[in-house]
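Please look over the structure shown below.

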Amino acid sequence: MKSEKSRYIMPDAEDVKQEILQKYPAKVAKKRAKSMVVNDPEAGQEIQANVRTIPGIITQRGCTYAGCKGVVLGPTRDIINLVHGPIGCSFYAWLTRRNQTKPPTEQSENFMTYCFSTDMQDSNIVFGGELKLKEAIREAYAIFKPKAIGVFSTCPVGLIGDDVHAVSKEMQEELGIKIFGFSCEGYKGVSQSAGHHIANNQIFKHLVGLDDEVKGGKFRINLLGEYNIGGDAFELERIFDEVGISLVSTFSGNSSIDQFTNAHTADLSAVMCHRSINYIAEMLEKKYGVPWIKVNFIGAEATAKSLRKIADYFGDTELTAKVEAVIAKEMPEVNAIKDVVKKRSEGKIAMMFVGGSRAHHYQELFNEIGMSTVSAGYEFAHRDDYEGRHVLPGIKVDADSRNIEELEVQKEDEKYRADLVAKKTKLSESGYRFSDYDGMMPEMKKGSLVIDDISHWETEKLIEYYKPDIFCAGIKEKYVVQKHGIPLKQLHSYDYGGPYAGFKGAINFYKDIDMQLNSKVWKMIKAPWENEPELVGSVAYAEY
Amino acid sequence: MLLRHTTSEIKDRTALTVNPAKTCQPVGAMYAALGFHGCLPHSHGSQGCCSYHRTALTRHYKEPVMAATSSFTEGSAVFGGQANLVQAVETIFAIYEPDIIAVHTTCLSETIGDDVNQILQKARDEDKVPKGKYVMHASTPSYVGSHVTGYANMVKGFASYFPVSTGKKLNQINIISGWIEPSDMREIKRIVSSMGIKFVMFPDTSDVLDNPMTGKFVMYPKGGTTIPEMLSTGDSKFTIGLGHWATTDAAVALDNKCKVRFEVGDLPIGLRATDRFIKLLSKFGTASVPESVNDDRGRLIDVISDMHQYLYGKRVALFGDPDQLIPMTEFLLDLDMKPVYIVSGTPGNDFSSRMEKLLANLPEAKYKNGANADMFLLHQWIKQEPVDLIIGNTYGKYIARDEKIPFLRFGFPILDRIGHSYFPSVGYTGALRLVEKMLSLIMDKQDMECPEEKVELVM
């Protein structure tokens, strides 16, 4: 099957798009057409994103609660995340995202293996759930003595009018620990994305800025939008450690809330997943003057580039030398494995439909082993993640986004880092780029097909037309695609492997893709007799 | 330690659930609906519900789990979900062409009071439902009962919607399947067929969630109870429900609608529950018990007698759903094991009365179901006095590792091992598999941990 790829003729993306739309009812087709763009990186095209999913279309998307509790707050170990709602919401977010964590000692707090819920019953829906929530907070405190509790609202909570913020405030006063709420009801917004924003707001409002102590380290940064799936953060921590960069905070892989409270003391914020965390990056800059840059540690080349970019910011010869030394030390092993894998993967094609940054970042890794991405899209990103941040001023705020709070952040004079602002001004003049992200589309080839919030039908048609060698998405898509005899790489959970970030991560990824592409199983799907009907009854036994 | 904050000191809880031994209704409704041929489950609520339920089921089965959602926004939460559901029905039939859309509700659509019956009627009136196709629904509020309740409600929905009584009885019985695996459903069908009984079983997820790899994805796999079969259940001579929690409501609904008498028994897990199932089949299917069934039973008894010494007196903690836990507890007792701690998040008073009877001769046994009956409590009991074996879903792994206790995966969800969808745990053959698994776990531990001079070659 793979050897035929040399004769493979890429379908015309416009034809595929029209073929997909044909099946849709007229109104659906009209709407979906705007979310499907045949890419031309020079043309500055607009894609429709962050809009409502059409009911019934079979989407990959989840809800605001998932983005808030599951994604952003999930990886922080030393806070009790109490879900106020029926049992399911808390149950499904229980250990299901592979955010690894490493408490510093055996005694350190780690509540990530626990699932906390008020398990709302019909009586709570009818008479209100605030009393039960208060009691649950008291019980959680009595048993676990945490230093902080986050309270997460689920759909019915918003509808019956339970005020999680008032309850949290009251209980904070009663118990003397940090308690704050999140209005992350599942129906808000149009996807997980709204939940990221809500999580960013509340973390910033309630935690960031509480601890002013400037802790050790000469080059002090925050790593934003890194969630330690499969140990990604561990690999990045290793690299930073080697080059001598100190992580003040990570939002939020392998994190503790103490790091969040101290984040404003960093000298730079480096943003990985722009979609889920850019709000905190922006607010840190606005309030405290800490500038941010976009980085990408998915891909060995991308990792080297991002390390150099951080080193350039600090402009310290020693740091630069260390960064170069580490890159020089790591790359031979990376290249050795890459060269072996590339022999088998070169020229193969991939597709990825996932997340709000991964569908972009992982193209780098595939490029490194000679594979091209012919179609890609995000599950919950916005236009700026596709087209670049320059489109931000022009994005119309619709009703679904308007009801997600935009925090009013003011400059805090006492803690404001005028020195960093001056540094930023100076570096900007020499062409160093801050607060910027070009998005996915400028980096994708002309003629590739970009699809936002892909539906099941669209997935099926892409497979039929492109016959990709590998498809990247999530667990819901995994076995659908694999029934076609095409491997699917999960880019949310990494198929329980990883890490994929940094240098060692790149090596893991090359090997895992090689394993998936070249697994013998894909060649054994057809039984030997299926293509040989003459086999049946072909032997005539002689009569004895 | 993974669960480092769990201690043996039990403090009263009335409001806080920690590490639940249940989840919410809609996932059960989704699973049940997948057991009908050509059916697409539809979740009337926020997108997250559908996404989470598909994810949980996909991880449990490692198979495609297709379902759609009404994709509520804040606007629909305020103004009602009618527009979303009508649009969903139109979109689904246009693109995905199922025979049936099985709608289940969520806490969101229940709290705002959407009248799904009326909305679906509107969809029919507006010709959004093509001729010969069906939309039906079950009310599955997440804040009542558990995932088992959702399963029961969806099965009841089918039992209320489809059966027709033509007045002419058929020589067939209905088997309403409780929440068991595709492998279990396949085994039940094998047993009933081996007795020469004609039957319709619903739901039936075999050949839906254990599908072969063919190189082609099929949206509606070949399995599942068909519409003609469902229509015919109204003319069946009798209904046997398997599992009180999961099937009683459906059996009652079918009786009310079509006058089909019924009896609900335990899931045939273990020896005596299977004995009772065979007796039920024999009685209401008017069939004698064939030699093959006696042989299956005999093999199970033979193995138990061979290996009894390794199981005798072993203390077991188990968690899961009442329909499973009751016959499993009975089976453990039959093996002379000691099921000392049992929790289920699923409410229902029958749980206590059944357990009380079963455990009358085991005074140290503790059991609890419903509110605050969770895995945290179970773990605290284990901390107070340890057990030799834990039986439950994948989440038990964390307790098992911390306490170094052998762990048998059994129930829903199993996210980290395969087998449950392919190898049954019902019937005598299933019981044999359970015994084999328990023995392997207990004996492996002995092999690995006993003093060197005590390692046995022959066991």
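What follows is a short report, topic by topic.

## Basis of the report

This is a predicted model, in which local features need pLDDT of at least 70, side-chain atom pairs count only at pLDDT 80 or more, and totals for chains, interfaces and linings use all residues. Residues are numbered from 1 along each chain as its sequence is written, chains are lettered from A and ligands numbered from 1 in the order in which they are written, and side-chain values use heavy atoms, with hydrogens and water left out.

## The six-stranded sheet of chain A

Chain A has an open sheet of six strands with mixed pairing. The order is E1-E12-E11-E10-E13-E14. Helices (H or I, at least four residues) and strands (E, at least two) are DSSP runs, numbered from the N terminus. Two strands pair if DSSP finds at least two bridges between them. E1 (36–38) and E14 (488–490) of chain A are the edge strands; each has a single partner, so one side of each lacks a neighbour in the sheet. Neighbouring strands are turned against each other by 20° on average, direction ignored.

Within the sheet, E10 (residues 349–353) and E11 (residues 372–377) of chain A are parallel and share five bridges. A:Ile349 has A:Ser372 of E11(A) as its bridge partner.

H20 (residues 475–483) of chain A lies across E13 (470–473) and E14, at about 170° to E14(A). Axes are lines fitted to C-alpha atoms, for helices over the stretch in contact, and angles run from 0 to 180 degrees between N-to-C directions. Contact means heavy atoms within 4.5 Å.

## Buried elements of chain B

H1 (residues 25–33) of chain B is largely enclosed by the rest of the structure, because nine of its nine residues are buried. Buried means under 20% relative accessible area, exposed over 50%, and partly exposed in between (1.4 Å probe, protein chains only). Among the buried residues are B:Val27, B:Met30 and B:Tyr31. The cover includes H4 (87–92) of chain A. From chain B it includes E2 (39–44), H2 (47–61), E4 (100–105), H7 (147–161) and H8 (182–194).

E11 (residues 338–344) of chain B is also mostly covered, with six of its seven residues buried. E10 (residues 315–319) of chain B pairs with E11(B) in the parallel sense over five bridges. B:Leu318 has its bridge partner in B:Ile342.

## An exposed loop residue

A:Leu210 sits in the loop between H9 and E6 (219–226) of chain A. Is this residue buried or exposed? A:Leu210 is exposed, at a relative accessible area of 53%. Beyond its neighbours within four places in sequence, A:Leu210 contacts A:Lys178, A:Thr261 and A:His264. A:Gln60 is 150 residues away from A:Leu210 in sequence and 38 Å away in space, C-alpha to C-alpha.

## Cavities

A cavity is a set of points, on a 1 Å grid over the protein atoms alone, where a 1.4 Å probe fits but cannot get out; a pocket is an open set with protein on both sides within 12 Å along at least five of seven lines; lining residues have an atom within 4 Å of a point. Grid points are joined across faces, edges and corners, and a volume is the space filled by probe spheres set on the points. There are ten cavities of 30 Å³ or more.

The largest cavity has a volume of about 160 Å³. Its lining has 18 residues, and those closest to the centre are A:Cys89, B:Gly48, B:Cys49, B:Tyr52 and B:Cys107. H2(B) gives the most, with four residues. The lining holds ten nonpolar, eight polar and no charged residues. Ala, Val, Leu, Ile, Met, Phe, Trp, Tyr, Cys and Pro count as nonpolar, Asp, Glu, Lys and Arg as charged, and the others, Gly among them, as polar.

The second largest cavity holds about 100 Å³. Among the residues closest to its centre are A:Gln60, A:His456 and B:Arg54. H20(A) supplies the largest share of this lining, four residues.

## The second largest pocket

The second largest pocket contains about 1100 Å³ of space. It is lined by 37 residues, with A:His382, A:Leu392, A:Ile395, A:Val397 and A:Glu406 nearest its centre. H12(A) provides the largest share of the lining, six residues. By class there are 13 nonpolar, ten polar and 14 charged residues.
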